Amino acid sequence: MAKRVTKGFASKTQKALRDSKKHCAVCGEPIELVKHIFTQKDSNTDTIRFKEKMVGVCNCNRNEIYK
Ligand SMILES: [Zn+2]
């Protein structure tokens, strides 16, 4: 739905931000999106590549991500 927003844009943005926060069903913590950078060896060229992906971090997997 493409609606032109003029008034109340800030509050709508606030709401969007709040709504995007997901809570883990297991530990109940808000899931934090972090950019996780890891290395991956390319077996064809024998070089190490840096890859990054966005991962959701909560109490359940924090120890695995931040080691
Ligand atoms: Zn969790």
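User: Accessible areas come from the Shrake-Rupley method with a 1.4 Å probe, and for residues only the protein chains shown count as cover; what does the accessible surface of the protein come to?

Analyst: The accessible surface of the protein is about 6200 Å², and 53% of that belongs to carbon and sulfur atoms. Please keep in mind that this is a predicted model, in which local features need pLDDT of at least 70 and side-chain atom pairs count only at pLDDT 80 or more, while totals for chains, interfaces and linings use all residues. Residues are numbered from 1 along each chain as its sequence is written, and side-chain values use heavy atoms, with hydrogens and water left out.

User: OK, and what does the secondary structure come to?

Analyst: The protein has two helices and two strands, and from the N terminus on these elements run α-β-β-α. Helices (H or I, at least four residues) and strands (E, at least two) are DSSP runs, numbered from the N terminus.

User: What share of the residues is buried?

Analyst: Of the 67 residues in the protein, 13% are buried, where buried means under 20% relative accessible area, exposed means over 50%, and partly exposed is in between (1.4 Å probe, protein chains only). As for contacts, meaning heavy atoms within 4.5 Å, those between residues at least 6 apart in sequence include 30% that join residues at least 24 apart.

User: Let's look at the metal. Which residues coordinate the zinc ion?

Analyst: The zinc ion is held by the SG atoms of Cys24, Cys27, Cys58 and Cys60, at 2.2 to 2.5 Å. Donors are N, O and S atoms within 2.8 Å of the metal (3.2 Å for Na, K and Ca), and because water is not among the atoms, sites may look incomplete. Along the sequence, the donor residues are spaced C-x2-C-x30-C-x1-C.

User: New topic: how many salt bridges does the structure hold?

Analyst: It holds five salt bridges, a salt bridge being a side-chain nitrogen of Lys or Arg within 4 Å of a carboxyl oxygen of Asp or Glu. Side chains of opposite charge can pair when their charged atoms come close.

User: Which residues are linked in a network of salt bridges?

Analyst: Glu29, Glu32 and Arg62 are linked in such a network. Glu29 meets Arg62 at 3.5 Å, N to O, and this pair links distant parts of the chain, with Glu29 in the loop between helix H1 (9-20) and strand E1 (32-42) and Arg62 in helix H2, 33 residues apart. Glu32 also meets Arg62, at 3.7 Å, N to O, and here Glu32 in strand E1 and Arg62 in helix H2 are 30 residues apart.

User: Is Glu29 buried, partly exposed or exposed?

Analyst: Glu29 is partly exposed because its relative accessible area is 21%, and Arg62, at 25%, is partly exposed as well. Glu32 is also partly exposed, with a value of 37%.

User: Where is the place of Asn59, and what is it in contact with?

Analyst: Asn59 is in the loop between strand E2 (47-57) and helix H2 (62-65). With neighbours within four places in sequence left aside, Asn59 is in contact with Cys27 and Glu29. The side chains of Asn59 and Glu29 are joined by a polar contact of 3.4 Å, that is, a pair of N or O atoms within 3.5 Å, where within protein one must be able to donate a hydrogen and the other to accept it, and residues adjacent in sequence count only if both atoms are side-chain atoms.

User: Last one: where does Asp46 lie, and what does it form a salt bridge with?

Analyst: Asp46 lies in the loop between E1 and E2, and its salt bridge is with Lys41, with the closest N and O atoms 3.3 Å apart. Lys41 lies in strand E1 and counts as exposed because its relative accessibility is 55%, while Asp46 is exposed at 53%. Asp46 also has a positive phi of about 60° although it is not a glycine.

Note on methods
Accessible areas come from the Shrake-Rupley method with a 1.4 Å probe; for residues, only the protein chains shown count as cover.
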